[in-house]
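Please open the model in a viewer and keep the selection panel at hand. The stops below are given in the order in which they may be selected.

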Amino acid sequence: TLTVGTTLAPGPVEVDNTFTLSGGTLADADVKPGSGGQGLMLTNSGGTLDGVTADANIDATQYPDAYAVIKNGLTLNGTATLGDAGNHYGQLFFVNGSSSSQTLGGSGSVLFSSNLNNSLYIDSASETVTLGPSLTIHGTSGSVDGLPSTTLVNQGKIAADGASGTIYVQPSGGTFTNQGTAEADANATLQIDGTWSNTGTLKLNGGTLDLGGSFTTAGIGTL
């Protein structure tokens, strides 16, 4: 367990048991799966991932309001699962580190459960967060949001693919630029708000694509 006031950096980290973030800081570390596939567990005491690469999974399903603060980018090559079907939800807060922009990248995915409180949230004013081209954000319910002055750039894929759920993009009114794919699958809803434009693909695959917020006809792009 990494607790408040503890900093672990840098280099590979492998824990062949439950590796719990509970208020400490992982900086410039590469979290490897344990010998039994163990990953990193988030708690409601939070903690900071500063320039971390996660080759292991991230588990934010075991606590109500399990969360981590992300600084200087996160390379996610495993799956970050946020929340469960009950009252547990997960959140990743992005704050300024060495600059006012950072990337959630890697070849992994963020999976939203059915809890509407799940979120990726840009928590520093005027910050830009880019979702990398090989990253997938998907699941049932949650939001990819931020303060009204923030910018979200999607180069990967955001897919509402959980039946009867809704994923919200920038519901607090920030800027959203889609350069990748934003998709609504069967019986699911993807709602886009804020000030947004699309140079990628907006895809309707049997679900509901709710285009709210502020946009121009030219800014709709490819459907």
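Begin by selecting Y67, F93 and Y121, which ring pairs link into a cluster. The model is a predicted one, and every value quoted on this tour is computed from it.

**Aromatic pairs**

Aromatic pairs in this model number three. For Y67 and F93, the ring centres are 5.9 Å apart and the planes stand at 80°, so this pair is edge-to-face, the class for planes over 60 degrees apart. Colour the strands next: Y67 belongs to strand β10 (residues 66-76) and F93 to strand β12 (residues 90-94), so that the pair links distant parts of the chain, 26 residues apart.

Now keep F93 selected and turn to Y121. These two residues also form an edge-to-face aromatic pair, with 6.3 Å from centre to centre and 70° between the planes. This pair, too, links distant parts of the chain: F93 in strand β12 and Y121 in strand β15 (residues 119-122) are 28 residues apart. Both F93 and Y121 are buried.

**The largest nonpolar core**

Next, select L42, L49, L104, V110, L120, I137 and L190. The largest nonpolar core has 47 residues, and these seven touch the most other members. Strand β10 makes the greatest contribution to this core, with five residues. In soluble globular proteins, nonpolar side chains tend to be buried together.

Centre the view on V110. Which residues does V110 touch, residues up to four places away in sequence not being counted? They are L76, A80, L82, L104, L120, T136, I137 and H138.

**The largest cavity**

How many cavities of 30 Å³ or more does the structure hold? There is one, and the volume of the largest cavity is about 60 Å³. To outline the largest cavity, select its lining: F94, L104, L120, Y121, I122, V129, L131, V144, D145, G146, L152 and Q170. The elements that supply two or more residues to this lining are β15, β16 (128-131) and β18. Two residues of the lining, L104 and L120, have already been selected among the core members with the most contacts to other members. Y121 of the aromatic cluster also belongs to the lining.

**T150 in its loop**

Move on to T150, located in the loop between β18 (142-146) and β19 (151-154). Its relative accessibility is 0%, and T150 therefore counts as buried. Show the side chain of T150: one of its polar atoms lies 2.6 Å from the backbone oxygen of L147. Beyond neighbours within four places in sequence, T150 is in contact with I122, S124, S126, E127, Q170, G174 and T175. Among these contacts, I122 and Q170 also line the largest cavity.

Is G206 buried or exposed? At 57% relative accessibility, G206 counts as exposed, since the limit for exposed is over 50%. With residues up to four places away in sequence left out, G206 touches A184, D185, A186 and N187. Finally, draw a distance from the C-alpha of G206 to that of L111: the two are 20 Å apart in space and 95 residues apart in sequence.

Technical notes:
Residues are numbered from 1 along each chain as its sequence is written. Side-chain values use heavy atoms; hydrogens and water are left out. Rings of Phe, Tyr and Trp (its six-membered ring) pair if their centres lie within 6.5 Å; planes under 30 degrees apart count as stacked, over 60 as edge-to-face and the rest as tilted. Helices (H or I, at least four residues) and strands (E, at least two) are DSSP runs, numbered from the N terminus. Buried means under 20% relative accessible area, exposed over 50%, partly exposed in between (1.4 Å probe, protein chains only). A nonpolar core is a set of buried Ala, Val, Leu, Ile, Met, Phe, Trp, Tyr and Cys residues joined through side-chain atoms within 4.5 Å. Contact means heavy atoms within 4.5 Å. A polar contact is a pair of N or O atoms within 3.5 Å; within protein, one must be able to donate a hydrogen and the other to accept it, and residues adjacent in sequence count only if both atoms are side-chain atoms. On a 1 Å grid over the protein atoms alone, a cavity is a set of points where a 1.4 Å probe fits but cannot get out, and a pocket is an open set with protein on both sides within 12 Å along at least five of seven lines; lining residues have an atom within 4 Å of a point. Grid points are joined across faces, edges and corners, and a volume is the space filled by probe spheres set on the points.
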